[in-house]
Amino acid sequence: MLTKQQIRYCLDEMAKMFPDAHCELVHRNPFELLIAVVLSAQCTDALVNKVTKRLFEKYRTPHDYIAVPLEELEQDIRSIGLYRNKARNIQKLCAMLIDKYNGEVPRDRDELMKLPGVGRKTANVVVSVAFGVPAIAVDTHVERVSKRLGFCRWDDSVLEVEKTLMKIIPKEEWSITHHRMIFFGRYHCKAQSPQCPSCPLLHLCREGKKRMRKREEKAANQK
């Protein structure tokens with residue numbers, strides 16, 4: 001586990017590497033962001049943006065999504081993984097938005113989590129990006145980076161990772177740090193081919209050091 005000083009160094013380096021980190025899901029309002037985040041589960045933001053470019057022209061309000069047969073909505077998002085389940089959840093959450101929230105996306109995380117298909121990560125993204133509420137959404141990138149660097153333990157649950165990050169990162173930096181860690185994980189510390197040799201955090205990274213040792217051993221054995 002890294003010290004507070006070492007974690008601060010890591011966060012500052014990520015800020016230098018990705019000063020313009022932001023939510024890459026294209027949206028025009030909180031409702032579109034909510035739909036996009038629901039669609040993004042186990043799917044890339046790039047693919048979601050490709051689908052929502054057409055989707056958001058056809059469907060503008062919660063009423064639009066429940067006005068069509070489920071099968072039609074399924075076809076509109078067919079290229080996205082788990083599209084049947086997501087289409088069902090989208091229609092259910094839209095009905096709930098109309099019935100309980102006057103068609104508006106709630107600003108409270110706990111209220112958001114009552115919506116079908118909306119978990120803690122999705123709710124954190126929406127309150128943070130749409131409403132400016134400090135939050136850290138732990139997606140696959142944030143979890144991977146946190147564990148590789150030693151911000152938290154390998155066997156920590158997603159919720160434990162979130163709670164640890166909330167403790168070690170100043171509250172006013174939660175949201176921007178979330179985006180920087182995503183960019184760091186998406187474009188640098190990738191799942192399959194992390195860029196360890198050029199990483200400014202290599203000297204602190206337990207996973208990176210282990211990978212570099214294996215690389216050196218492999219090179220030595222090939223001589």
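This is a predicted model: local features need pLDDT of at least 70, side-chain atom pairs count only at pLDDT 80 or more; totals for chains, interfaces and linings use all residues.
Residues are numbered from 1 along each chain as its sequence is written, and side-chain values use heavy atoms, with hydrogens and water left out.

Let me turn to the overall fold. Taken along the principal axes, the C-alpha atoms fill a box of roughly 65 × 40 × 30 Å. UniProt, in an unreviewed entry, places the feature "domain: HhH-GPD" at residues 39-187; such annotations may be inferred rather than shown by experiment. Over residues 39-187 the chain is 65% helix and 0% strand, and the end C-alpha atoms lie 21 Å apart.

How do the two domains meet? Six residues of domain 1 are in contact (heavy atoms within 4.5 Å) with seven residues of domain 2. The size of an interface is often given as the accessible area lost when the parts come together. Here the buried area, meaning the accessible area (1.4 Å probe) that the two parts lose on being put together, summed over both, is about 450 Å². Carbon and sulfur atoms give 39% of that area. In domain 1, Glu-162, Ser-175 and Arg-186 lose the most area to domain 2, together 58% of what that side buries.

Three salt bridges are counted between the domains, each a side-chain nitrogen of Lys or Arg within 4 Å of a carboxyl oxygen of Asp or Glu. Asp-45 forms a salt bridge with Arg-186, with the closest N and O atoms 3.2 Å apart.

Which elements give two or more residues to the side of domain 1 that touches domain 2? They are helix H10 (158-168) and helix H11 (174-187). H11 supplies the largest share, four residues. By class, this side of domain 1 has one nonpolar residue (Ala, Val, Leu, Ile, Met, Phe, Trp, Tyr, Cys or Pro), two charged residues (Asp, Glu, Lys or Arg) and three polar residues (the others, Gly among them).
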